[in-house]
Amino acid sequence: MSVAEQSIAGAEARGHGFMASSVGRKVVMAATGIVLFGFVTVHMIGNTQAYLGAESFNGYAKFLHTMLHGAGIWIFRAVLLAATGLHIWAAVSLTLANQAARPVGYRAQQPVASTWASRTMRWSGFILAAFIVYHLLHLTTGQAHPNFDPANPYANFVSAFKVPAAVGFYIVAQLCLGLHMWHGVWSFTQTLGLTHPRYDSLRRNFATGLTLLVVGVNISYPIAVLTGFIH
Amino acid sequence: MAKHINLTLHVWRQKNAKCDGKFVEYPAADISPDMSFLEMLDVVNEGLIRKGEEPITFDHDCREGICGQCGMVINGRPHGPKERTTSCQLHMRSFKDGDTITLEPWRAEAFPVLKDLMVDRGAFDRIIAAGGFISAPTGSPQDANALPIPKENADLAMDAAACIGCAACVAACPNASAMLFVSAKISQLALLPQGQPERYIRVRDMVAQMDAEEFGTCTNHSECEAACPKGIKMENIARMNRDFIKASLTYRPPTGGGGAG
């Protein structure tokens with residue numbers, strides 16, 4: 001039993017600030033989550049140009065590298081790195097607090113309202129973090145790619161998905177992304193207080209729709225390569 | 001008269017906060033399905049007392065579902081299998097002859113087990129003491145409708161005020177978070193004019209106390225809402241988050257001197 005349990009925290013605890021408080025860290029989690037979900041959505045839309053052929057896809061890659069005289073991509077990378085770092089920090093710190101809050105568990109706790117997705121957020125998140133590292137080494141820097149050509153992203157994309165193990169990991173990661181997004185997108189609306197009975201079903205449908213769209217399109221890429229639709 | 005049933009109980013027995021506890025098996029024989037769950041425990045305890053054994057300790061008071069005392073986890077669910085029902089209002093007709101029932105106390109770092117199924121929920125009292133009140137002198141009753149309050153707000157405040165502080169939300173939450181309770185106690189005041197002067201200082205103080213008590217944090221599983229015997233909605237947690245964000249953005253430290261006289 002801590003000392004705090006015996007007294008009223010009052011003004012000095014209030015002074016500990018936003019980032020130390022439970023709700024504050026949840027808001028960090030939600031806000032960085034929006035950045036990351038926004039990114040995967042834009043990433044998915046941008047990559048649909050793979051269906052338009054090598055010229056369009058490589059042109060898009062060139063545009064990303066040259067926008068704002070080459071500064072654009074570094075601004076994006078800095079924001080994404082900061083968002084990812086804060087997201088992981090909030091997740092670890094909240095998870096540790098949550099585990100400490102129930103040192104003795106139940107013999108038989110029955111889940112009633114929670115979903116498989118909500119209960120596995122830390123595992124889907126962990127797999128996603130590992131996948132992001134692999135994905136960057138695979139298709140951005142090329143160390144994990146068998147025949148990487150920095151000048152031809154389209155060729156890298158096509159040859160990458162001819163390796164069954166890479167495709168397997170890619171699809172598992174996409175399914176984890178689906179679980180993570182489905183709970184996460186709904187969850188950030190709740191955490192940021194964006195609720196109203198009139199829009200509650202819309203929140204759930206928005207999460208489901210966005211998840212199906214992003215994961216569906218992302219999984220279509222390796223399938224399109226394997227079936228020879230993209231070659 | 002309905003046929004009596006026989007049950008097997010697995011009850012968490014723990015002598016005090018310092019001792020380790022363990023599950024002990026007891027038969028509950030010849031139980032009328034018309035009994036409440038607590039009456040069934042009374043019958044089991046009568047038998048234990050007659051045998052010279054220590055009876056099972058559990059909290060209870062009103063036995064009509066409004067005091068919030070009778071918290072226990074019955075087969076992995078706070079207050080048992082029925083929705084919107086406290087343990088005292090749960091009837092034995094909800095169980096079948098031959099059933100095994102596991103009884104555990106609320107499990108949370110913030111709620112030390114005092115004995116068997118009884119926990120110390122003083123953490124909730126300290127959260128209320130940190131800000132769950134209004135300081136304005138209310139005087140004698142005003143004329144009805146002297147203070148305009150939208151019907152919708154009055155209804156929502158009343159719904160939040162239905163919270164009996166039983167802590168089933170904490171018990172059900174996989175993270176042992178108290179946010180449903182705290183948000184209900186914040187919302188019942190935030191929705192009414194009398195709660196406005198201290199609205200934003202209150203949310204900061206009560207959240208600070210909730211954190212100091214070492215409750216977990218909400219990950220939006222919705223288990224609390226499903227377990228709540230009074231149907232408190234998670235919309236209250238969203239309101240608390242909203243008020244906390246606004247309070248954090250607009251907080252200014254108290255200025256010295258001015259306005260005291």
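**Reading a predicted two-chain model**

Analyst: Let us begin with the record for chain A. The UniProt entry, which is unreviewed, places the feature "transmembrane region" at residues 27–46, 74–97, 123–141, 161–185 and 206–230 of chain A. Please bear in mind throughout that the model is predicted.

User: How many helices and strands does chain A have, and what are the spans of its C-alpha trace along the principal axes?

Analyst: Chain A comes to 9 helices and 0 strands, and its elements run α-α-α-α-α-α-α-α-α from the N terminus on. The C-alpha trace of chain A spans about 65 × 45 × 40 Å along its principal axes.

User: Turning to chain B, which domains does the assignment give?

Analyst: A domain may be listed as more than one segment, as domain 2 of chain B is here. The assignment gives domain 1 as 5–104 and domain 2 as 121–135 + 147–250. Their C-alpha centres lie 29 Å apart. In the contact between them, 12 residues of domain 1 of chain B meet 10 residues of domain 2 of chain B. The domain 1 side of that contact divides into 4 nonpolar, 6 polar and 2 charged residues.

User: How is a helix pair to be read, and at what angle do α3 and α5 of chain B pack?

Analyst: One considers the angle, the axis distance, and then the residues that meet. Helix α3 (residues 151–161) and helix α5 (residues 179–190) of chain B pack at about 150°, their axes being 8 Å apart. Because angles over 145 degrees count as roughly antiparallel, α3(B) is roughly antiparallel to α5(B). Their crossing is left-handed. From α3(B), B:Ala157, B:Ala160 and B:Ala161 meet B:Ala184, B:Ser187 and B:Gln188 of α5(B). This contact has 4 nonpolar, 2 polar and no charged residues.

User: What is the arrangement of α5(B) and α8(B)?

Analyst: The angle between α5(B) and α8(B) is about 70°, with axes 8 Å apart. That value makes α5(B) roughly perpendicular to α8(B). The residues of α5(B) that meet α8(B) include B:Met179, B:Leu180, B:Ala184 and B:Ser187; among their counterparts in α8(B) are B:Ile237, B:Arg239, B:Met240 and B:Asp243. By class, the contact holds 8 nonpolar, 3 polar and 2 charged residues.

User: Finally, how is the contact between the chains read, and which element of chain B gives the most to its side?

Analyst: The size of an interface is often given as the accessible area lost when the parts come together. Here the description rests on residue contacts: 51 residues of chain B are in contact with 43 residues of chain A. On the chain B side, β5 (100–104), α2 (122–129), α6 (199–212), α7 (223–227) and α8 (235–250) each supply at least two residues. Helix α8(B) gives the most, with 9 residues. The side of chain B that touches chain A has 23 nonpolar, 13 polar and 15 charged residues.

Technical notes: Residues numbered from 1 in each chain as written. Chains lettered and ligands numbered in written order. Predicted model: local features only at pLDDT ≥ 70, side-chain atom pairs only at ≥ 80, totals over all residues. Domains from an automatic or database assignment. Contact = placed C-beta atoms within 7 Å. Nonpolar A, V, L, I, M, F, W, Y, C, P; charged D, E, K, R; others polar. UniProt positions renumbered as here; feature names shortened; annotations may be inferred. Axes fitted to C-alpha atoms, helices over the stretch in contact; angles between N-to-C directions. Helix = DSSP H or I, 4+ residues; strand = E, 2+ residues; numbered from the N terminus. Parallel < 35°, antiparallel > 145°, perpendicular 65-115°, else oblique. Left-handed = near helix turned anticlockwise from the far one by under 90°.
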